[in-house]
Amino acid sequence: MPVWKQQPTDKLNYLCDIPDCHSNCPTSRLVALIGRLLRLRCGKCNHPYRSHSHSRYVWVPASDTRPSADEGRKQAATNDKKNAEALIATRKRAFDDLNRIIGESMDDLARFLAEYDGTSLSGSFSVHMEKASRLLEQRYTDMEKKGASKEQLRKTRDSLGLMERKLVLLRDAEKAQET
Ligand SMILES: [Zn+2]
Ligand SMILES: [Zn+2]
């Protein structure tokens, strides 16, 4: 048999006071008053209105407030699944960003991406991102040497900064997965 307790609530509630009833029977004061005067029974729990009282409490099963060990495990499994999904979503976003960066005419990165199967977003994705980041850095150095325009250099620098921020996020996400 569940253990019941009263929990504070914002709304005014109409509680049944019959032992072992523990019914919450929200009713307006007017209906409750008429019900009391006419000695009617509550439509919800079928006990007399007279055995009810208005209060700012609700009956809740006390066991509901503390999750059982089994529920705790279930919750942990759900959290794990959510974390895994979040990691995949982060990887996908990083991958999309990568695609966009590469779309800005970076042949070497495009080649790298052709080698990398974008659908297998498992394992350490940050390793792939690091490789891409290094290629981008190399590209930047080459561009500097060849005298690229300030605008081109700025674009590449922005891309590098974005990649680095993504890498930090990915490493953190992957670390969280391992622990
Ligand atoms: Zn009732
Ligand atoms: Zn009742």
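1. Burial. Of this predicted chain's 179 residues, 17% count as buried. Buried means that 20 or more other C-beta atoms, placed from the backbone, lie within 10 Å of the residue's own.

2. Conventions. The model is predicted: local features need pLDDT of at least 70, side-chain atom pairs count only at pLDDT 80 or more, and totals for chains, interfaces and linings use all residues. Residues are numbered from 1 along each chain as its sequence is written, while chains are lettered from A and ligands numbered from 1 in the order in which they are written.

3. Confidence. The mean pLDDT (the predictor's confidence in each residue, from 0 to 100) is 74 for the chain, and 66% of the residues score at least 70. Strand β2 (residues 52-61) has the highest mean, 87, and helix α4 (residues 107-115) the lowest, 55. Residues 117-121 fall below 50 in pLDDT. Where pLDDT is low, the predicted coordinates should not be read in detail.

4. Layout. The chain holds 6 helices and 2 strands. These are DSSP runs numbered from the N terminus: H or I of at least four residues for helices, E of at least two for strands. Their order along the sequence is β-α-β-α-α-α-α-α.

5. Core. The largest nonpolar core consists of 7 residues: Tyr14, Leu15, Cys16, Cys25, Ala32, Cys42 and Tyr49. Such a core is a set of buried Ala, Val, Leu, Ile, Met, Phe, Trp, Tyr and Cys residues joined through C-beta atoms within 7 Å. Strand β1 (residues 4-16) supplies its largest share, 3 residues.

6. Cys42. Leaving out residues up to four places away in sequence, Cys42 touches Cys16, Cys25, His47, Tyr49 and His52. Contact means C-beta atoms, placed from the backbone, within 7 Å.

Note on methods
Two residues are in contact if their C-beta atoms, placed from the backbone, lie within 7 Å. A residue is buried if 20 or more other C-beta atoms lie within 10 Å of its own, exposed if 12 or fewer, and partly exposed in between; C-beta atoms are placed from the backbone.
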